[in-house]
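Subject: Structure handover, pockets and ligand site

Hello,

Here is the structure for your files. My notes on its pockets and on the ligand follow below.

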Amino acid sequence: MPRPIEALVHPAALAHNLAVARRHAGDARLWAVVKANAYGHGVERAFEGLKSADGFALLDLAEAERVRGCGWRGPVLLLEGCFEPRDLELCSRLNLWHVVHTAEQIDWLAAHKTHEPHRVFLKMNSGMNRLGFPPQAFRSAWARLNALPQVDEVSLMTHFSDADAPRGIAHQIASFEAATADLPGERSLSNSAAILRHGATPGLRNDWVRAGILSYGSAPDFPERGIADWGLLPAMTLQTKLIATQQLQPGDTVGYGSRFTAERAMRIGIAACGYADGYPRYAPAETEAGAPVLVDGLRTRTVGRVSMDMLAVDLEPLRAAGRPAGVGAEVTLWGEGPGGSRLPIDEVAEACGTVAYELMCALSPRVPVRCLDEDGADPG
Ligand SMILES: *Cc1c(COP(=O)(O)O)cnc(C)c1O
């Protein structure tokens, strides 16, 4: 029998979450952001759930080829644009739209030979200070791009640093609007947090919004709000089984470094999941802390250091509930558990000092992934 760990991808949840994004997005068209192998879900698997999107946005050229390989003929946007001049050949061949964020990318386009002119998204750095032309250089970049025979339509884009945070987006909208107000072209500003939280902000104009994390069933503003508050569903479940149990006496310790000490007699279970599967090693190891986990659908916590292939869970809440668990019990690390139980990935990420993005993306290639169809049944 294979090691019991597996990840499930829920296409129906992806479709549901994308519909939530659409409800918040007004008339804007929707990019499904599928970078980083669809946030760890797998481009092809996620495609099934997200194909009602108006386009797919990503940044790896090989992933763009995979989206085309799914049969998608609609828009595909490269969020970081081209990394070198010859990438433009693939853009021409696969009809990829691409972001232009540096003068070098304009130079490459100017030297590119293409039959069909390219659709580009010119990116402004409105305060994130990662990619894009500063506001004072934006107009001349736009004029240069707009004059190129290689360019079809120029759209305008920027990215928010604080759509999920108290600082908000008003300062970046002001900077973007000041530099672009009279420029023609479609606009794309909002990420998941802006879609959900700032849809009604005055001055925010979107012809395209970019839905990433929300589609995968994480609340971009957790812990202020959780997926239940936004009506989102987990798109990924990570599950395994108990492969052993141990009875501890007071003073006994658990795992490497003896970071957990039992204060009273207690039973623990050993689950077949460790950091080599993508589970965070930063789960708190000390007594009374731990990260949340479900065993047979009941909520408990991890105890001690997470190892490469295993982690320990506290079985006392199950005993207290009259549902003692042993070898073979179902362990849900995040996502949908048995009997309608659910552990949002945001809660695990929060306990481990990280974000759901990182946990999803870190799912290890050694974990088998299964896609569930609409009824939650396994299509085989
Ligand atoms: C990743 C990314 C997004 C999606 O962000 P979420 O927070 O996951 O919605 C949107 N725009 C750009 C430019 C990105 O790189």
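In the lining of the second largest pocket, α12 is the element that gives the most, with 3 residues. Please keep in mind that the model is predicted. Both α12 (345-351) and α13 supply at least two residues of that lining. The volume of the second largest pocket is about 200 Å³. It is lined by 13 residues, and those closest to its centre are Ala 219, Pro 220, Phe 222, Val 355 and Ala 356. By class, the lining of this second pocket splits into 7 nonpolar, 2 polar and 4 charged residues.

The largest pocket is the space that the ligand takes. It holds about 590 Å³ of space. Its lining counts 27 residues, and Lys 35, Tyr 39, Arg 130, His 159 and Asn 191 are the ones nearest the centre. Three helices, α2 (35-39), α9 (192-197) and α13 (356-361), supply at least two lining residues each. Of the elements, α2 gives the most to this lining, with 3 residues. The lining of the largest pocket is made up of 15 nonpolar, 5 polar and 7 charged residues.

Now the ligand itself. It is surrounded by 13 residues, with Lys 35, Tyr 39, Ser 192, Ile 213 and Tyr 357 the closest. This shell contains 6 nonpolar, 4 polar and 3 charged residues.

Which atoms lie 2.6 Å, 2.7 Å and 3.1 Å from an oxygen atom of the ligand? At 2.6 Å there is a polar side-chain atom of Tyr 39. At 2.7 Å there is a backbone N or O atom of Ile 213, and at 3.1 Å a backbone N or O atom of Gly 212. On its own the ligand has 390 Å² of accessible area, and the protein covers 93% of that.

The volume of the largest cavity is about 50 Å³. Its lining consists of Tyr 216, Gly 217, Pro 234, Ala 235, Met 236, Trp 334, Gly 335, Pro 344, Ile 345 and Met 360.

Regards

Key. Residues are numbered from 1 along each chain as its sequence is written. This is a predicted model: local features need pLDDT of at least 70, side-chain atom pairs count only at pLDDT 80 or more; totals for chains, interfaces and linings use all residues. Side-chain values use heavy atoms; hydrogens and water are left out. A residue is near a molecule or strand if one of its heavy atoms lies within 4 Å of it. A polar contact is a pair of N or O atoms within 3.5 Å; within protein, one must be able to donate a hydrogen and the other to accept it, and residues adjacent in sequence count only if both atoms are side-chain atoms. Accessible areas come from the Shrake-Rupley method with a 1.4 Å probe; for residues, only the protein chains shown count as cover. On a 1 Å grid over the protein atoms alone, a cavity is a set of points where a 1.4 Å probe fits but cannot get out, and a pocket is an open set with protein on both sides within 12 Å along at least five of seven lines; lining residues have an atom within 4 Å of a point. A molecule sits in a cavity or pocket if more than half of its atoms lie within 2 Å of its grid points. Ala, Val, Leu, Ile, Met, Phe, Trp, Tyr, Cys and Pro count as nonpolar, Asp, Glu, Lys and Arg as charged, and the others, Gly among them, as polar. Grid points are joined across faces, edges and corners, and a volume is the space filled by probe spheres set on the points. Helices (H or I, at least four residues) and strands (E, at least two) are DSSP runs, numbered from the N terminus.
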